Amino acid sequence: MKLEKIDTLKLRPEHLTNVVVLTGSGISAESGIPTFRNADGYWSRYRAEDLATPEAFSESPQVVWEWYLARRHLIARANPSPGHFALVEMARLLPGQFTLITQNVDGMHQRAGHSKLLELHGNIFTNRCAVCARRHSDDTLNFQNLPPACPVCLGPVRPDVVWFGESLNIAVVEDAFTLARNASLFLAIGTSAVVHPAASLPLVASDNGALLIEVNPEATPISDDADIIFRYPAAQVLPSLFRRMRRVVSRNLLVQHV
Ligand SMILES: [Zn+2]
């Protein structure tokens, strides 16, 4: 059964025992952050696939860093969307029963108020030494000379994100699959669900009994498996979905106290 109107969504307390959310670039786009492939201005002459690679970094680390600093600047000027904020409210409503996984590297969920989440592709605002793999905060690095040098081993420091052709952090991926397997409700939001593991997490959750809800204006490869689909932007759906969840929680509390 597929529904497209939130008013008719029947949520039950057992759906909310372990809510797992996966977000992709769609929710960032709603904040006005251009997707990887939609850069404009100076950087439009480059393709993300040519800059976000280990090869590009070893050949032209300065250009790669300039591009990332420009993206950081764009992101810093944007604000979290109502979709981001609704997810924070869900996390507060369901302490210990809500986990957020994101494919986004822009840190917008943290800016909205999330302190704990799984970042599958890293974070554009963190730095890692390409040689010794130590992480360094911005204030310990000199960005006047790009790439910044590692304060420990003097190796080149890179953005702590997963580039094209690189593997994801295995521990993070395993955590994500464990979460998906144990989910009671899995929300796939604004993810095109074409790259691993985002493509398989919702299906693993569904195969293990989770209610699978997709929030995406576009159809995706997981749409056929979704129990419920909202073909709207996250900013439109998530605040209402949060209110539905809150009603279920408060009714359930009432029942328990009778
Ligand atoms: Zn180092």
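**Close-up views of a predicted model**

What covers the buried residues of helix H4 includes helix H2 (48–51), helix H3 (54–59), helix H6 (108–112), strand E4 (122–129) and strand E6 (157–161). The model shown in every view is predicted.

**View 1. Helix H4 and its buried side.** Helix H4 spans residues 61–77 and has 17 residues. From first C-alpha to last it reaches 24 Å, close to the 24 Å expected at 1.5 Å a residue. Its buried residues are Pro61, Val64, Trp65, Trp67, Tyr68, Arg71, Arg72 and Ile75. These cover an arc of only 160° around the axis, which puts them on the same side of H4. His73 and Arg77, on the other side of H4, are exposed. An α-helix has 3.6 residues a turn, so residues three or four places apart point the same way.

View 2. E4 and E5 run antiparallel and are joined by 2 bridges. Asn127 has His136 in E5 as its bridge partner.

**View 3. Arg158, a buried arginine.** Arg158 is found in strand E6. Is Arg158 buried or exposed? Its relative accessibility is 6%, so Arg158 counts as buried. Leaving out residues up to four places away in sequence, Arg158 touches Phe57, Trp65, Thr126, Asn127, Arg128, Ala130, Trp163 and Glu166. One of these contacts, Trp65, is also among the buried residues of H4. Another, Asn127, is the bridge partner of His136 in E5.

**View 4. The six-stranded parallel sheet.** An open sheet of 6 strands has the order E3-E2-E1-E7-E8-E9, with parallel pairing. Strand E3 (118–119) and E9 stand at the edges, each with a single partner strand, so one side of each is left without a neighbour in the sheet. E2 and E3 run parallel, joined by 2 bridges. Thr102 stands opposite Glu119 in E3. H5 packs on this sheet and touches E1, E2 and E7. The direction of H5 makes about 150° with that of E2.

**View 5. Strand E7, covered on both faces.** In E7, 5 of the 5 residues are buried, so the strand is largely enclosed by the rest of the structure. Leu185, Leu187 and Ile189 are buried on one side. Phe186 and Ala188 are buried on the other. In a regular strand the side chains alternate between the two faces of the sheet. E7 pairs with E1 in the parallel sense over 5 bridges. Val19 stands opposite Leu185 in E7. E7 and E8 also run parallel, joined by 5 bridges. The bridge partner of Ile189 in E8 is Val215.

**View 6. Helix H7 and what covers it.** The 12 residues of helix H7 (residues 170–181) should span 16 Å at 1.5 Å a residue; the end C-alpha atoms are 16 Å apart, which agrees. Buried in H7 are Val172, Val173, Ala176, Phe177, Leu179 and Ala180. They cover an arc of only 160° around the axis, which puts them on the same side of H7. E1, E2, E3, E7 and helix H8 (201–207) are among the elements that cover these buried residues.

**View 7. The largest nonpolar core, around Leu238 and Met245.** This core has 30 residues, of which Leu238 and Met245 touch the most other members. The elements that give two or more residues to it are strand E1 (19–23), helix H5 (82–93), strand E2 (98–102), strand E7 (185–189), strand E8 (211–215), strand E9 (228–230) and helix H9 (234–257). H9 gives the most, with 7 residues. Which residues is Leu238 in contact with, leaving aside its neighbours within four places in sequence? They are Ile27, Gly83, Ala86, Leu87, Met90, Ile189 and Val215. Apart from this core lies another, of 25 residues, among them Phe186, Ala205, Ala210 and Ile229. In soluble globular proteins, nonpolar side chains tend to be buried together.

How values were computed:
Residues numbered from 1 in each chain as written. Predicted model: local features only at pLDDT ≥ 70, side-chain atom pairs only at ≥ 80, totals over all residues. Heavy atoms only, no water. Core = buried A, V, L, I, M, F, W, Y, C linked by side-chain atoms within 4.5 Å. Buried < 20%, exposed > 50% of the residue type's maximum accessible area, 1.4 Å probe, protein only. Helix = DSSP H or I, 4+ residues; strand = E, 2+ residues; numbered from the N terminus. Contact = heavy atoms within 4.5 Å. Expected span 1.5 Å × (residues − 1). Arc of directions from axis to C-beta. Pairing = 2+ DSSP bridges. Axes fitted to C-alpha atoms, helices over the stretch in contact; angles between N-to-C directions.
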